[in-house]
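Thanks for coming. I will take one protein chain and go through its parts in turn. Please have a look at it first.

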Amino acid sequence: MSERPQNDDPDPTEAFDDLVEAETQRDPDLAVIEAGSRTLRAQAGPPQGDQVPARPADPEVDRALRAVEEELAGRWGETQLDPSIQRIVALLDILGTPQRAYPSIHITGTNGKTSTARMIEALLSAFELRTGRYTSPHVQSITERISLDGSPIPAERFIETYRDIAPYVEMVDAQQEYRLSFFEVLTAMAYAAFADTPVDVAVVEVGMGGTWDATNVIDADVAVITPIALDHTDRLGETPEQIAGEKSGIIKKDATVVLAQQPVDAASVMLKRAVEVDATVAREGMEFGVLSREVAVGGQMLTLRGLGGEYPEVFLPLYGAHQAHNAAVALAAVEAFFGVGSEHARPLDIDTVRSAFAAVVSPGRMEVVRRSPTVVLDAAHNPAGAQAAAEAVTEAFGFSRLVGVVGASADKDVRGFLEAFEPIFAEVVVTRNSSQRAMDPDELAAIAVEVFGAERVQVEPRLDDALEAAITLAEEEGEFSGAGVLVTGSVITVGEARLLLGRN
C-alpha cells in the first residue's frame, strides 16, 4: 500500500465521503436526534506486547495466589448481579476514591471490548503515558484483568493489592444486604492499583451492561461503545434498543462518546443519552472510519480516517474486518482523549500510531497456537461474534477443510452461534469446558445435529479429547492439505485449550 493512491485507485477522500453518504442513508431516523446533539467534526517509547502469564514459578507465591482466587470465587460470580453500585461506591469511599486519581476511557458494547481496550492501551503507551487497563474475563490467569504499563500485574502485586483492601471489603460486607461480588472486589483492586502506581490514564472495560456495572463509578472523559448485539438478554434486555439503554449509562456529562457502527434503534438511544448529558459524539462512518483494508501476512494493512485526518499504511497484526473497525474506534477514542477535534485539528503522529498498532496482541482472538495442522483460537460466544469469526477465518486462512471445536455456555444463543459457523465447518466436535455454566455436551450435540446433521457432529465430553479428535480429523487430508481447526464458543474454552496446547 503506497502513501498516496495511484491514479486508478479510489480517492480516500471520496471513499470517506461515500462512507458518510451510506451512513446518512442508513440512519434517516436519527436526523432529529442528531440535530440536538453535538457531533465531533475535526477540521483537519514503543508499546509493550501484552502476554498471558503462566502460574507463578515460586511455589509460595502460587499458593498465595490460589488462596486469593479461592476467596474471590466464594463470592457472587460475574453473572450474578444486583442492579446497584451502592456496594462498590461504599468500598471505594473507604479506600479514598482511588478512581478519581486519574482520567479514564470507559468501554462498553457487546463484542470487541477487550481488543479495543488493548488497542487504546497500546496507543496511549506509545505516546509515553503510563496506563492501567482493566478487562474481563481473563483467558488463563486472573492477573490478566489488571494491566499496568501494558503488562499483566505481577502475581505478587495482585496478592498484595487484595490483602491491602481485604479489611475494608469485610467492613462493607458487614454493612450491606449482600456481600461484595467477585467482580466488585476485582474492580476495586484495579482502581486501587492504578492510583497506587500511579497511572496517567485508565482504560476500563465494563463487566456487563453499563449503568449498574461496578466499573461505572468513574467519570470518564471518553466513553466508547463497541457494536451492540443480542447477548445477556435475560439481564440487559431482549432488543438492541433495550441493551443500548443499559450500556449508554457510561456516557457522562460533557464527555466525548465514540460510537462504533450500531443498529439504528440502538444508536437512537445512545444519541438521546448524549443529548441529555451534553456529550459530544463521534460516530464511525461519519466522523471516523476504515477507508481501506488489505489482507497482509500476519494481519492486515489499514488506512484509517481519524478525527484529525487520514492515517495510511497502518499494519494491524490481528485478523478480520471486525478488528479493523475496532482499530478505527480505538484511534478515535485516543484522539478524543488528546483533544483532537475539540481543542485542535492536528492528527496524531503517524509513525507513533503505526508502531502502536503493529505491537497490538489480543490473546484468544483469532490466535494461531499451532501449525500442521493450524489451530486457531477465538473467544466468540454469541451469534454476532461467531459471524465475525467465521468471516475472519475464511478471509485470513482459506482452509481447504475446517474442523470446529465448540464448548459453549448454557445461557447463550447456542443455535444462533452454531448456525453462523455451519457454512464453514466441515465437521464440529462439541465438548465442554470446566465452568459450571458450560452446556452439557449431549445437549450441545443435540442442537449441533439439528444445524449440521448427525454425520458432521462428534461428541467428546473432555476438552483434551475434543482437541485431539479435531486435529486427527484435520490431519486426515495430509500434511499439505490446508486443513485447520478453530476452537471457539467461550473465553473459558479458549483459555483451557490454550493451556492444553502448550501456550503460557
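Start with Arg498 and Glu367, which form a salt bridge whose closest N and O atoms are 2.7 Å apart. A salt bridge here is a side-chain nitrogen of Lys or Arg within 4 Å of a carboxyl oxygen of Asp or Glu. This pair links distant parts of the chain: Arg498 is in helix H17 (residues 491–500) and Glu367 in strand S13 (residues 367–370), 131 residues apart. Helices (H or I, at least four residues) and strands (E, at least two) are DSSP runs, numbered from the N terminus.

Before going on, a word on the source: this is a predicted model, where local features need pLDDT of at least 70 and side-chain atom pairs count only at pLDDT 80 or more, while totals for chains, interfaces and linings use all residues. Residues are numbered from 1 along each chain as its sequence is written, and side-chain values use heavy atoms, with hydrogens and water left out.

Are Arg498 and Glu367 buried or exposed? Both are buried. Buried means under 20% relative accessible area, exposed over 50%, and partly exposed in between, with a 1.4 Å probe and protein chains only.

The structure holds 23 salt bridges. Side chains of opposite charge can pair when their charged atoms come close. Another pair is Asp411 and Arg437, at 3.1 Å from N to O. Asp411 lies in the loop between strand S15 (401–406) and helix H14 (414–421), and Arg437 in the loop between strand S16 (427–430) and helix H15 (441–452), so the pair ties together parts that are 26 residues apart in sequence. Asp411 is partly exposed, at 34% relative accessible area, and Arg437 is partly exposed too, at 29%. Salt bridges that share partners also join Arg55, Asp62, Arg66 and Glu69 into one network.

Next, the backbone. A cis peptide bond joins Ser136 and Pro137, with omega about -10 degrees. Pro137 sits in the loop between strand S3 (131–134) and strand S4 (146–148). Thr197 and Pro198 are also joined by a cis peptide bond, with omega about -15 degrees.

Glu128 is not a glycine, yet its phi is positive, near 65 degrees. Glu128 belongs to the loop between helix H5 (113–126) and S3, and counts as exposed because its relative accessibility is 64%. Ser372, also not a glycine, has a positive phi of about 55 degrees. The loop between S13 and strand S14 (374–377) holds Ser372, which is partly exposed at 46% relative accessibility.

Now a helix pair. The axes of H6 and helix H7 (residues 182–196) come within 10 Å and cross at roughly 115 degrees. That makes H6 roughly perpendicular to H7. Axes are lines fitted to C-alpha atoms, for helices over the stretch in contact, and angles run from 0 to 180 degrees between N-to-C directions. Angles under 35 degrees count as roughly parallel, over 145 as roughly antiparallel, 65 to 115 as roughly perpendicular and the rest as oblique.

Last, the whole chain: 17 helices and 18 strands, and 57% of its 504 residues count as buried.
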